[in-house]
Amino acid sequence: MQKVRICFFAVSAMVAAAAAVAVAQMEPPKPAPELKRLDYFVGKWTLDGDMKPGAMGPGGKMTEMEDNAWMDGGFFLVGRVDFKSSMGNGTGTSYMGYDPRDKMYTYDAFNSWGEAEHAKGMVSGDTWTWTSESDMMGHTTKTRFTVKEVSADSYTFKFEMSGADGAWSTAMDGKATKNK
C-alpha cells in the first residue's frame, strides 16, 4: 500500500509540474482584431444632444465631455464622462470591448446617478448600432443607440426607445466632435 501511495504522489507531482510548464509557456491572450475598429473613439470628445420630452423627462439640452483611452492590454476602451443636462449633472465610466463568441461589440457603463447600462453592438460601414433591454418603471424597454461616423473627428448619434408596442421613438439625438 505504501508503494501505491508513493507512486500516486509521484505521478501527481509530475502531472502538476507538466501543467505548470505548459502554463508558463503559454503566450498571454491577444486582443481580437475587431477591437482596432474602436480606435475611432479614442481621444477627447464633446457631445451636444437634444433630449426629447417623454419617458426620460421634460427634454432639453445635454452636453457630455468624454475622454476615451485603451486599458492596458488593449482589450477595453475606457471612457471617463462628465455630463450636464436639464435633468442634472453627473459623471460616468464606460467600457467598450468585443466578445468573439457572440461576434458583437460590448458596452458597459455606470454613472453617478446609479444607472448601469449593458449593450451589444455591431458596426456596418460607418454606422454603429448598440442595443439593450432594461427595466423602466416595471416595464421592459428596448433601447437602440446609433452612431454615424461623419468624419474622422465627428459623428452624429441617436438614442431611441421601444416599449411594449414595438414602436421606436427618439429620446435624444445630437452630434459629437473630437477635441483637438
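Predicted model: local features only at pLDDT ≥ 70, side-chain atom pairs only at ≥ 80, totals over all residues.

Me: How far apart are the ring centres of Y40 and W45, and at what angle do the planes lie?
Reply: The ring centres of Y40 and W45 are 5.6 Å apart and the planes meet at 40°, so the pair counts as tilted. Planes under 30 degrees apart would count as stacked and those over 60 as edge-to-face.

Me: And what about Y40 and Y155, how are those rings arranged?
Reply: The pair of Y40 and Y155 is tilted as well, because its planes lie at 55°. The ring centres in this pair are 6.3 Å apart.

Me: Where in the chain do Y40 and Y155 sit?
Reply: Y40 belongs to the loop between α1 (2-25) and β1 (43-51), whereas Y155 is in strand β9 (residues 154-162). The two are 115 residues apart, and the pair links distant parts of the chain.

Me: Why does Y40 count as buried?
Reply: Its relative accessibility is 11%, and therefore Y40 counts as buried; the cut-off is under 20%. Y155 has a relative accessibility of 3%, so Y155 counts as buried too.

Me: Which residues do the ring pairs link into a cluster?
Reply: The cluster consists of Y40, F41, W45, Y98, Y105, Y107, W128, W130 and Y155. In the structure there are 14 aromatic pairs.

Me: How do β2 and β3 pair?
Reply: Strand β2 (residues 60-70) and strand β3 (residues 77-85) are antiparallel and share nine bridges. Within this pairing, N68 is opposite G79 in β3. The two strands form a hairpin with six residues between them, and G73 in the turn has a positive phi of about 100°.

Me: What follows β3 in that region?
Reply: β3 also pairs with strand β4 (residues 88-99), again in the antiparallel sense and over nine bridges. D82 has T91 in β4 as its bridge partner. The hairpin from β3 to β4 passes through two residues.

Me: What else does R144 do, relative to W168?
Reply: R144 lies over the face of W168, at 4.0 Å from the ring centre.

Me: Which strands pair with β10?
Reply: β1 pairs with strand β10 (residues 168-178) in the antiparallel sense over seven bridges. β9 is likewise antiparallel to β10, over nine bridges. β9 and β10 form a hairpin with five residues between them, and G166 in the turn has a positive phi of about 85°.

Me: And what stands opposite D173 in those two pairings?
Reply: In the pairing of β1 with β10, D173 is the bridge partner of D50. In the pairing of β9 with β10, D173 stands opposite K158.

Me: On to the open spaces. What is the volume of the largest pocket, and which residues lie nearest its centre?
Reply: The largest pocket has a volume of about 1,200 Å³. It is lined by 39 residues, and those nearest its centre are Y107, N111, E115, E117 and F159. Y107 is also one of the residues in the aromatic cluster.

Me: What is the make-up of that pocket lining?
Reply: The lining of the largest pocket has 24 nonpolar, ten polar and five charged residues. Strand β7 (residues 127-136) supplies the largest share of this lining, with five residues.

Me: Finally, how many cavities of 30 Å³ or more are counted?
Reply: The count is one cavity of 30 Å³ or more. The largest cavity has a volume of about 30 Å³. Its lining consists of M51, K52, M56, G57, G59, M87 and A171, which divide into four nonpolar, two polar and one charged.

Note on methods. Residues numbered from 1 in each chain as written. Heavy atoms only, no water. 1 Å grid on protein atoms, 1.4 Å probe; cavity = no way out; pocket = protein on both sides within 12 Å on 5 of 7 lines; lining within 4 Å. Points joined across faces, edges and corners; volume = space filled by probe spheres on them. Nonpolar A, V, L, I, M, F, W, Y, C, P; charged D, E, K, R; others polar. Helix = DSSP H or I, 4+ residues; strand = E, 2+ residues; numbered from the N terminus. Pairing = 2+ DSSP bridges. Phe/Tyr/Trp six-rings, centres within 6.5 Å; stacked < 30°, edge-to-face > 60°. Buried < 20%, exposed > 50% of the residue type's maximum accessible area, 1.4 Å probe, protein only. Lys NZ or Arg CZ within 6 Å of the ring centre and 35° of its normal.
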